[in-house]
Amino acid sequence: MPTKGPIHHGKRIHIRCRRCGRRAYHIRNKACAACGYGASSRLRNPANNRKTLNRSRRIV
Ligand SMILES: [Zn+2]
């Protein structure tokens, strides 16, 4: 298994996103990695990526 070098030969995986303008829109996944366009209708919030705080299992 190669660890170095391009895995995608000449194939563009990310194209320019229609919403955020960044080159982060995944063609195959049809979702933007930066803003979540395609995956969700709302803008991706990085704060939502964090796991929810579990208050019930607190170490006393
Ligand atoms: Zn985007």
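Strands here are DSSP runs of E, at least two residues long, numbered from the N terminus. The model is predicted.

Stop 1: Three of them, 3 strands in the order 1-2-3, form an open sheet with antiparallel pairing. Strand 1 (14–15) and strand 3 stand at the edges. Each has a single partner strand, so one side of each has no neighbour in the sheet.

**Stop 2: strand 2 against strand 3.** Select strand 2, residues 25–26. It is joined to strand 3 by 2 bridges, and the two run antiparallel. Now pick histidine 26: alanine 31 in strand 3 stands opposite.

**Stop 3: tyrosine 25.** Select tyrosine 25, in strand 2. Is tyrosine 25 buried or exposed? It is buried, because 23 other C-beta atoms lie within 10 Å and the cut-off for buried is 20 or more. Leaving out residues up to four places away in sequence, tyrosine 25 touches His14, Ile15, Arg16, Cys17, Cys32 and Tyr37.

**Stop 4: the core.** Select Cys17, Tyr25, Cys32, Cys35 and Tyr37, the 5 residues of the largest nonpolar core. Centre on cysteine 32. Beyond its neighbours within four places in sequence, its contacts include Cys17, Tyr25 and Tyr37, along with Arg19, Cys20, Ala24 and Gly38.

**Stop 5: lysine 30.** Move to the loop between strand 2 and strand 3 (31–32), where lysine 30 sits. Lysine 30 counts as exposed, with 10 C-beta neighbours inside 10 Å. Check its backbone too: phi is near 55°, a positive value in a residue other than glycine.

Definitions and conventions:
Residues are numbered from 1 along each chain as its sequence is written. This is a predicted model: local features need pLDDT of at least 70, side-chain atom pairs count only at pLDDT 80 or more; totals for chains, interfaces and linings use all residues. A nonpolar core is a set of buried Ala, Val, Leu, Ile, Met, Phe, Trp, Tyr and Cys residues joined through C-beta atoms within 7 Å. A residue is buried if 20 or more other C-beta atoms lie within 10 Å of its own, exposed if 12 or fewer, and partly exposed in between; C-beta atoms are placed from the backbone. Two residues are in contact if their C-beta atoms, placed from the backbone, lie within 7 Å. Helices (H or I, at least four residues) and strands (E, at least two) are DSSP runs, numbered from the N terminus. Two strands pair if DSSP finds at least two bridges between them.
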